[in-house]
Amino acid sequence: MGAEERSVAPRGPSLLAFMVAVTLLLAMLIGMRPGIVWAQAQGSEVQRFQQVAGPYEISAAVVQSHLSLGMTLFAITVVDAVTGLPIPDARVLLTTEHDESGDLGRGSAHNTPSFPDRYDSQMRLESSGLWHITIEVESSQGKVAVEMMQLNVPATRRISGGTFVFIGALILIVGGAAYIWWSTQRGRSRDPGTGATPD
């Protein structure tokens, strides 16, 4: 007499959960700014330094990664020493020198419109031992160069317990997102839509 109707379970919640999982994953992986937080999640220690040099107050947060031997992240803040205002147009350079071998390295640090006072850089200190780090700042207010810190690179870096927690959480997020996507695709292939079969 009528038509048999097939009901289709709503897929909205599954798609919503999938999008949330993907968003969380991207938030964990994007950019250098979360890089400091990411390194802290691995159990790496953040070392902080501060010094007034000429017209500048220079602060630095330094992270030596446990996962990559010799990889070091620098977040350098440059403000006016008198007013405390950001100096967004500075040219910031880092020079590294190994204490024993004299090996030299040089890199630049860059800011963004969102963080005009913070200049980020990533450098690899290849050899173990003590490294001297000099920060050079130049802007319309003048040029200074100051040896601001000494960093020790251990002969071997061990992966900490925090690293395994971070990796485990990442695997769970990726696995959950993949399962939700797979379930959604499987449901669609089994039940392509609502149809009517005539008598």
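## R124 and its partner

R124 has a relative accessibility of 39%, so it counts as partly exposed (buried is under 20% relative accessible area, exposed over 50%, partly exposed in between, with a 1.4 Å probe and protein chains only). Its side chain meets that of E126 in a salt bridge at 3.8 Å, N to O; the term takes a side-chain nitrogen of Lys or Arg within 4 Å of a carboxyl oxygen of Asp or Glu. E126 is exposed, at 57%.

A quick word on what you're looking at: this is a predicted model, where local features need pLDDT of at least 70 and side-chain atom pairs count only at pLDDT 80 or more, while totals for chains, interfaces and linings use all residues. Residues are numbered from 1 along each chain as its sequence is written, and side-chain values use heavy atoms, leaving out hydrogens and water.

## A network of charges

The structure holds six salt bridges. One of them pairs R91 with E136 at 4.0 Å, N to O. That pair ties together distant parts of the chain, with R91 in strand β5 and E136 in strand β8, 45 residues apart (strands are DSSP runs of E, at least two residues, and helices are runs of H or I, at least four, numbered from the N terminus). E136 is buried at 14%, whereas R91 is partly exposed at 45%.

E136 also meets K143 in a salt bridge of 3.7 Å, N to O. K143 is exposed, with a relative accessible area of 55%. Through shared partners, salt bridges join R91, R106, E136, E138 and K143 into one network.

## The nonpolar core

Now for the inside. The largest nonpolar core has 26 residues, and I58, F74, I76, V92, I135, V137 and M149 touch the most other members (such a core is a set of buried Ala, Val, Leu, Ile, Met, Phe, Trp, Tyr and Cys residues joined through side-chain atoms within 4.5 Å). Strand β9 (142-153) gives the largest share, six residues. In soluble globular proteins, nonpolar side chains tend to be buried together.

## A loop with contacts

P55 sits in the loop between β2 (46-53) and β3 (56-64). With 27% relative accessibility, P55 is partly exposed. Beyond its neighbours within four places in sequence, P55 is in contact (heavy atoms within 4.5 Å) with V79, D80, A81, Q141 and V144. P55 and V79 are 24 residues apart in sequence, yet their C-alpha atoms are 8.6 Å apart in space.
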